[in-house]
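Visitor: Could you take me through this model, starting with one of its side chains?
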Amino acid sequence: MSFISDLIIQWGGPLITAVITAIIAYITLKVSQSANRSADETYELNKQALKISIDSKELNNQTFMIMNETKKINEQTLKIIENILDLNKDVLEQKQVQEQQSVVSSLKKCLKLFEVEKESIKNKDEDIKNLFDSSNKTNWLFKD
């Protein structure tokens with residue numbers, strides 16, 4: 001037994017140290033493997049996040065282009081509306097001018113009819129005056 005006791009005394013400390021070191025190495029290996037799995041998963045998640053970010057950037061670029069096109073379309077629509085308003089203004093002015101010309105034409109016709117009627121009344125007045133004058137002349141003959 002002394003041989004075994006000597007062995008334990010001589011090799012016991014280093015053997016316990018070796019066993020503890022092996023246990024620590026095993027735990028470190030397992031932790032390292034777990035860390036590697038986590039790193040791999042993180043890498044994959046980062047790859048997916050980068051792809052999503054690139055897709056998002058592309059969508060933002062497309063949205064920006066669509067917004068620019070929409071702005072151009074809105075500007076063109078505004079110009080068209082302004083042109084329509086100008087045309088409506090021109091048409092309204094033309095209509096007003098036509099109405100004014102129609103009123104002037106009607107007034108001219110009325111004035112002409114008035115002049116014709118005035119001339120007719122004047123002629124009738126002269127006819128009556130002439131008739132009256134001729135009646136007075138005729139009465140002169142019959143007076144005595």
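Visitor: Is Asp-55 buried, partly exposed or exposed?
Guide: Asp-55 counts as partly exposed, at 38% relative accessibility; buried means under 20% relative accessible area, exposed over 50%, and partly exposed in between (1.4 Å probe, protein chains only). This is a predicted model, in which local features need pLDDT of at least 70 and side-chain atom pairs count only at pLDDT 80 or more, while totals for chains, interfaces and linings use all residues. Residues are numbered from 1 along each chain as its sequence is written, and side-chain values use heavy atoms, with hydrogens and water left out.

Visitor: Which residue forms a salt bridge with Asp-55?
Guide: Lys-51 does, with the closest N and O atoms 3.4 Å apart. A salt bridge here is a side-chain nitrogen of Lys or Arg within 4 Å of a carboxyl oxygen of Asp or Glu. Lys-51 counts as exposed, at 52% relative accessibility.

Visitor: How are Asp-55 and Lys-51 separated in helix 1?
Guide: They are four residues apart, so about one helical turn separates them. Helices (H or I, at least four residues) and strands (E, at least two) are DSSP runs, numbered from the N terminus.

Visitor: How many salt bridges does the count come to?
Guide: The count comes to three salt bridges. Among them, Lys-47 meets Glu-44 at 3.7 Å, N to O, and Glu-69 meets Lys-72 at 3.7 Å, N to O.

Visitor: Changing topic, how many helices and strands are there in the protein?
Guide: There are one helix and zero strands. Helix 1 covers residues 2-142, and buried residues make up 1% of the 144 residues.
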